[in-house]
Amino acid sequence: MTLLSVQDLSKSFGGVAAARDVSFMLERGEMLAIIGPNGAGKSTVFNMVGGQLRPDHGAVLLDGQNITLASPQKRFRLGVGRTFQVAQTFLSMSVAENVQMALVSHNRKSTALWAPARMRYHEEALALLEQVGMAESADHPCSALAYGDVKRVELAIALAGRPKLLLMDEPTAGMATRERAALMDLTAEIADAKGIGVLFTEHDMDVVFGHAERVIVLVRGRIIATGSPEEIRQIEEVRRAYLGDDHALEKPKGVSPAEGVSPA
Ligand SMILES: Nc1ncnc2c1ncn2[C@@H]1O[C@H](COP(=O)(O)OP(=O)(O)OP(=O)(O)O)[C@@H](O)[C@H]1O
């Protein structure tokens, strides 16, 4: 069964139609990017999938279950994980404790029991940190990490909820170019291994064309194209939507989009 099915989602703010009849599907293990110029409606669509915004009409189905009106918390319990544009970690806590908190929360234990919970889920947290290459920093405070490493910890936190679907809002914002490719390679590897569908918005076209398997192009709230990165790059209408940024749709230098960008 299709993991995520988005059907005719529409949302207006006053007179502005931010999303108009947006429909798409996402399969397990797939990396799907939503791109579009500023104000195209990317965040609006993303937030309707995540539950932060209620659509005017249309439906969101996860594994066939209608979650259109479910709260973000309910979606989380059903397997929708999310990372944010600005990483959300507790800086004063250690790397491991941040992941343990997420495990406690996923297992619905009250965070009021946090003191004894410090001992709980330590092994599981370490296993998740191992997956994102951060096990060696388990005891460091998050505040001591480089930003790219914080984003890896955030990925481990999202994985603690055992998501089927991972929503990543501008995952590489604020990161150096090499770190961007490495984070997205890691995400693709984990998504593939665990069969997690990943939906992400992204302004960096190198990231999009190097790491998405499929791309949706939104312009003024409407999907104007869907296809592989190679197909999307060839569509004249898409090129026009990006006029003013002549090189936005060029191939990343020396990289085949099918192979992705190699980690640094
Ligand atoms: N809460 C809101 N109230 C009023 N208008 C809104 C609201 N949220 C979005 N809009 C409008 O809806 C349209 C789509 O906005 P949205 O933020 O979804 O676009 P975006 O593609 O994510 O843009 P960006 O790339 O700049 O983040 C824009 O015209 C925006 O001004």
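Mentor: Start with glycine 14, which counts as exposed because it has 6 C-beta neighbours inside 10 Å. The cut-offs are as follows: a residue is buried if 20 or more other C-beta atoms lie within 10 Å of its own, exposed if 12 or fewer, and partly exposed in between, with C-beta atoms placed from the backbone. The model is predicted, so local features need pLDDT of at least 70 and side-chain atom pairs count only at pLDDT 80 or more, while totals for chains, interfaces and linings use all residues. Residues are numbered from 1 along each chain as its sequence is written.

Glycine 14 sits in the loop between strand S1 (4–13) and S2. Helices (H or I, at least four residues) and strands (E, at least two) are DSSP runs, numbered from the N terminus. Threonine 187 is 173 residues from glycine 14 in sequence and 37 Å from it in space, C-alpha to C-alpha.

Serine 12 belongs to strand S1. Serine 12 has 13 other C-beta atoms within 10 Å and is therefore partly exposed. Leaving aside its neighbours within four places in sequence, serine 12 contacts Ala17, Ala18 and Asp56; a contact requires C-beta atoms, placed from the backbone, within 7 Å of each other. Between the C-alpha atoms of serine 12 and methionine 101 there are 37 Å, and the two are 89 residues apart along the chain.

Next, the ligand. The residues around it are Phe13, Val16, Ala18, Gly36, Asn38, Gly39, Ala40, Gly41, Lys42, Ser43 and Thr44. The test for being near is a C-beta atom, placed from the backbone, within 6 Å of the molecule or strand. Strand S2 (16–26) and helix H1 (42–50) each supply at least two residues of this shell, and H1 gives the largest share, three residues. By class, the shell has four nonpolar, six polar and one charged residues. Here Ala, Val, Leu, Ile, Met, Phe, Trp, Tyr, Cys and Pro count as nonpolar, Asp, Glu, Lys and Arg as charged, and the others, Gly among them, as polar.

Now the whole chain. It holds ten helices and ten strands, and 42% of its 264 residues count as buried. Among contacts between residues at least 6 apart in sequence, 66% join residues at least 24 apart. The chain is divided into domain 1 (1–79 + 163–264) and domain 2 (90–157). The contact between these two takes eight residues from domain 1 and seven residues from domain 2. On the side of domain 1 that touches domain 2 there are five nonpolar, two polar and one charged residues. Domain bounds come from an automatic or database domain assignment.

The largest nonpolar core has 68 residues, of which Val45, Val99, Leu129, Ala156, Leu165 and Val217 touch the most other members. Helix H6 (residues 147–160) gives the most to this core, with eight residues. Domain 1 and domain 2 each contribute at least three residues to this core. A nonpolar core is a set of buried Ala, Val, Leu, Ile, Met, Phe, Trp, Tyr and Cys residues joined through C-beta atoms within 7 Å. In soluble globular proteins, nonpolar side chains tend to be buried together. Beyond its neighbours within four places in sequence, leucine 165 is in contact with Leu3, Leu4, Leu62, Gly79, Val80, Ile196, Gly197 and Leu199.

Helix H5 (residues 122–131) has Ala125, Leu128 and Leu129 as its buried residues. Viewed down the axis of H5, these fall within an arc of 100°, so they line one face of the helix; the arc is that of the directions from the helix axis to the C-beta atoms. An α-helix has 3.6 residues a turn, so residues three or four places apart point the same way. Helix H3 (95–106) and H6 are included in what covers the buried residues of H5. Glutamate 123 is also in H5, but glutamate 123 is exposed because it has 8 other C-beta atoms within 10 Å. After H5 comes glycine 133, with a positive phi near 75°.

Aspartate 63 is placed in the loop between strand S4 (57–62) and strand S5 (65–66), and is partly exposed, with 15 other C-beta atoms within 10 Å. Arginine 162 is placed in the loop between H6 and strand S7 (165–169), and is exposed, with 12 other C-beta atoms within 10 Å.
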